[in-house]
Amino acid sequence: MKKKVSIIIRTKNEEKWIEICIKRILEQSYKNFEIIIIDNYSSDQTLNKIKKFKLKSYKIKNFTPGKAINLGVKKSKGDYIVCLSAHCIPVDNNWLKNLIKDLDQKNDVVAIYGKQSPLPFSNPLDKRDLYNTFGLEKRIQKKATFF
């Protein structure tokens, strides 16, 4: 049986991205997952867009990324945890399957993070920073400051 994945999405005024983020997750070939939204009291249409999908969502005051992730983990039922910002959009339908596959297949892998790629219209400085941080190739790291 495939292990369950809890996908924790942090939001704060992400109305521009949240629908496409959720839709891309729902299109994944790996289907055993739950989506948990942790919202920092969005004042735009983020929460209304989330309601269309009937997902678990929780509000958090005094937001910090760690506090939001901890609340999501506490509410999760998955064997694996995936942390995602609402503006991070899975690139294809195998994103989740590919993200977690080494967790089951290799005994020495304890965590995995995915590469963040810029969008075509991203600021050139942001593009440079993302390519410098993540590169173009797959990496196996023993120690990573990013992670």
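Which pattern does the protein follow, read along the sequence? I read it off as β-α-β-α-β-α-β-α-α.

**Ground rules.** I am working from a predicted model, where local features need pLDDT of at least 70, side-chain atom pairs count only at pLDDT 80 or more, and totals for chains, interfaces and linings use all residues. Residues are numbered from 1 along each chain as its sequence is written, and side-chain values use heavy atoms, with hydrogens and water left out.

**Overall layout.** I find five helices and four strands. Both are DSSP runs numbered from the N terminus: helices are H or I with at least four residues, strands are E with at least two. I looked up burial next. Of the 147 residues, 33% are buried (under 20% relative accessible area; exposed is over 50%, partly exposed in between; 1.4 Å probe, protein chains only). The protein exposes about 9600 Å², by the Shrake-Rupley method with a 1.4 Å probe. Carbon and sulfur atoms supply 51% of that area. I also checked contacts (heavy atoms within 4.5 Å). Among those between residues at least 6 apart in sequence, 66% join residues at least 24 apart.

**Cores.** A nonpolar core here is a set of buried Ala, Val, Leu, Ile, Met, Phe, Trp, Tyr and Cys residues joined through side-chain atoms within 4.5 Å. The largest one has 22 residues. Val 5, Ile 7, Ile 9, Ile 25, Leu 84, Trp 95 and Leu 96 touch the most other members. Strands S1 (5–11), S2 (33–39) and S4 (80–85) each supply at least two residues of this core, as do helices H1 (18–26), H2 (46–51) and H4 (95–105). Another core, of six residues, lies apart from it and includes Ile 8, Ile 60, Ala 68 and Leu 71.

**Ser 6.** Is Ser 6 buried or exposed? Ser 6 counts as buried because its relative accessibility is 0%. I place Ser 6 in strand S1. Its side chain makes a polar contact with the side chain of Glu 34 at 2.5 Å (a pair of N or O atoms within 3.5 Å; within protein, one must be able to donate a hydrogen and the other to accept it, and residues adjacent in sequence count only if both atoms are side-chain atoms). The Ser 6 side chain also reaches the backbone nitrogen of Gly 78 at 2.8 Å.

**Val 73.** I find Val 73 in helix H3 (residues 65–75). Val 73 is partly exposed, at 36% relative accessible area. Leaving out residues up to four places away in sequence, Val 73 touches Ile 8 and Ile 81.
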